[in-house]
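I opened this notebook to keep track of what I looked up, one entry per topic. I wanted to go from the sheets to the ligand and then to single residues.

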Amino acid sequence: EKSGYDHFMLKEIMEQPTSLSDSMRGRLLPEDPRVVLGGLHTVWDQLVDADRIIIAACGTSWHSALVGEYLIESFARIPVEVEYASEFRYRNPILRDGDVVVVISQSGETADTLAAVREARKKGVLCLGICNVVGSTIARETDAGVYLHAGPEIGVASTKAFTAQVTVLAMIALKLAENRTLSTGEMAHNLHALASIPDKVDEVLDMNDEIREMASVYRYASNFLYLGRGYNFPVALEGALKLKEISYIHAEGYPAAEMKHGPIALIDRFMPVVFIAMKDSTYDKVVSNIEEVVARDGSVIAITDEGNGELDKLCEYVLRIPKTEEFLSPLLTVVPLQLLSYHIAVMRGCHVDQPRNLAKSVTVE
Ligand code: F6R
């Protein structure tokens with residue numbers, strides 16, 4: 001069942017080139033260039049005309065929702081708010097005509113997310129679901145939606161569901177951009193870029209041995225900081241969550257620029273800091289953050305673009321991953337973080353697939 005892997009988590013990480021191709025199959029048509037999302041067909045006009053989109057989710061799905069906010073706001077220019085489902089449902093949220101609620105849930109059974117669906121429907125607002133498990137409660141109770149088609153996720157730590165969620169959100173954002181913010185040429189370019197992601201994920205997975213070696217150096221750390229900006233801020237949060245849930249190492253994710261507003265006080269030679277430092281619009285700022293950490297003896301692991309040698313002098317480890325469009329980078333940058341937490345957890349003797357105190361679907365509120 002684990003196809004020769006020691007754990008479902010590793011199998012699911014390694015499966016991502018396939019699960020991502022499955023998520024895009026029949027939906028992504030770069031030659032046309034067009035995105036087809038059959039599950040949203042009946043509600044599409046309402047979604048295109050939305051005044052505001054509210055995305056509610058928990059845990060890793062909430063992190064993909066944050067990526068979704070950046071994607072939809074930049075491509076569709078529709079205001080997006082991201083909510084923890086557990087907060088949204090108890091706040092008597094203000095929902096108006098023209099609002100659309102989107103919930104994201106791998107299992108489709110998370111109690112708080114389901115409660116958010118019921119709250120939206122009670123208030124008469126269109127509610128869409130992005131779920132993996134076909135026929136799950138959330139999939140059934142939402143008005144319409146998109147399945148991930150990522151295949152069953154058995155490991156408690158969510159991995160391939162996250163990348164499939166981001167892929168589905170990217171397809172929704174690009175479809176919303178049709179006749180709006182993208183020319184036909186730009187649309188074709190972006191769809192081709194998305195279509196090439198599975199091969200690039202494959203290249204990142206080839207770094208597994210290198211990442212395992214890195215893990216052996218950091219396995220005894222008791223704290224970790226993860227920093228990223230823009231599209232990679234949610235990836236920093238996700239990297240930290242992966243590490244804490246399976247290796248029980250305390251980890252925090254922050255937008256890199258927030259470091260100077262507090263977390264910088266934590267930095268000393270015992271504090272490894274993982275930076276996502278892709279050569280994008282915020283690269284120079286992130287490099288100054290790296291310099292600040294190094295000046296305080298922090299040990300830096302950086303994830304950057306293939307061919308970028310600029311960080312070698314500053315950082316303990318530099319992982320170089322294939323270049324892609326900035327908006328697609330979370331699909332690549334998250335993969336080394338998944339592998340890093342996996343290997344550290346294995347080396348610490350943790351039960352990777354069944355971490356203590358956690359369940360695959362949280363059906364209590
Ligand atoms: C993290 C993880 C959890 C889930 C969260 C939501 O690895 O697995 O944080 O992401 O419980 O679950 P779903 O997506 O099933 O609603």
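Predicted model: local features only at pLDDT ≥ 70, side-chain atom pairs only at ≥ 80, totals over all residues.

The entries below follow that order.

**Entry 1**

I began with the strands and found an open sheet of five, in the order E4-E3-E5-E6-E7, with parallel pairing. Its edge strands are E4, covering residues 80-84, and E7, covering residues 144-147, and each of them pairs on one side only.

As a reminder to myself, strands of a sheet pair through backbone hydrogen bonds, and they do so either parallel or antiparallel.

I then followed strand E6, residues 126-131, to its partner E7, and four bridges join these two parallel strands. At Cys-131 the bridge partner in E7 is Tyr-147. Helix H6, residues 111-122, packs on this sheet and touches strands E3, E5 and E6, while its direction makes about 165° with that of E5.

**Entry 1: strand E3**

How many residues of E3 are buried? I counted on the computed accessibility here, where buried means under 20% relative accessible area. Six of the six residues of E3 are buried, so this strand is largely enclosed by the rest of the structure. Both of its faces are covered, with Arg-52, Ile-54 and Ala-56 buried on one side and Ile-53, Ile-55 and Ala-57 buried on the other.

For the pairing of E3, I found five bridges to E5 in the parallel sense, and Ile-53 has Val-100 of E5 as its bridge partner. E3 and E4 likewise pair in the parallel sense over five bridges, and there Ala-56 has Glu-83 of E4 as its bridge partner.

Ile-276 has Ile-303 of E11 as its bridge partner.

**Entry 2: the ligand**

Which residues are closest to the ligand? I found 14 residues around it, and the closest are Ser-61, Ser-105, Ser-107, Thr-110 and Glu-245. I then looked for polar atoms facing oxygen atoms of the ligand. A polar side-chain atom of Thr-110 lies 2.5 Å from a ligand oxygen, and a polar side-chain atom of Ser-107 lies 2.7 Å from a ligand oxygen. For Thr-60 the atom concerned is a backbone N or O, which lies 3.1 Å from an oxygen atom of the ligand. The ligand has 400 Å² of accessible area on its own, and the protein covers 90% of this.

**Entry 3: Ser-105**

I returned to Ser-105, listed above among the closest residues to the ligand, and placed it in strand E5. Is Ser-105 buried or exposed? Ser-105 has a relative accessible area of 2% and is therefore buried. Its side chain reaches the backbone nitrogen of Gly-108 at 2.9 Å. Beyond its neighbours up to four places away in sequence, Ser-105 touches several residues, among them Ser-61, Thr-110, Cys-131 and Gln-165. I also compared Ser-105 with Ala-57, which is 48 residues away in sequence but 6.5 Å away in space, C-alpha to C-alpha.

**Entry 4: Ser-107**

Where is Ser-107 found? It sits in the loop between E5 and H6. Its relative accessibility is 9%, so Ser-107 counts as buried. A polar atom of the Ser-107 side chain lies 3.1 Å from the backbone nitrogen of Glu-109, and a polar contact of 3.5 Å joins the side chains of Ser-107 and Thr-110. Leaving aside neighbours within four places in sequence, I found Ser-107 in contact with Val-133, Ser-136 and Ser-361.

Methods. Residues numbered from 1 in each chain as written. Heavy atoms only, no water. Pairing = 2+ DSSP bridges. Contact = heavy atoms within 4.5 Å. Axes fitted to C-alpha atoms, helices over the stretch in contact; angles between N-to-C directions. Near = heavy atom within 4 Å. Polar contact = N/O pair within 3.5 Å; in protein donor to acceptor, adjacent residues only side chain to side chain. Areas by Shrake-Rupley, 256 points an atom, 1.4 Å probe, with all protein chains shown as cover. Buried < 20%, exposed > 50% of the residue type's maximum accessible area, 1.4 Å probe, protein only.
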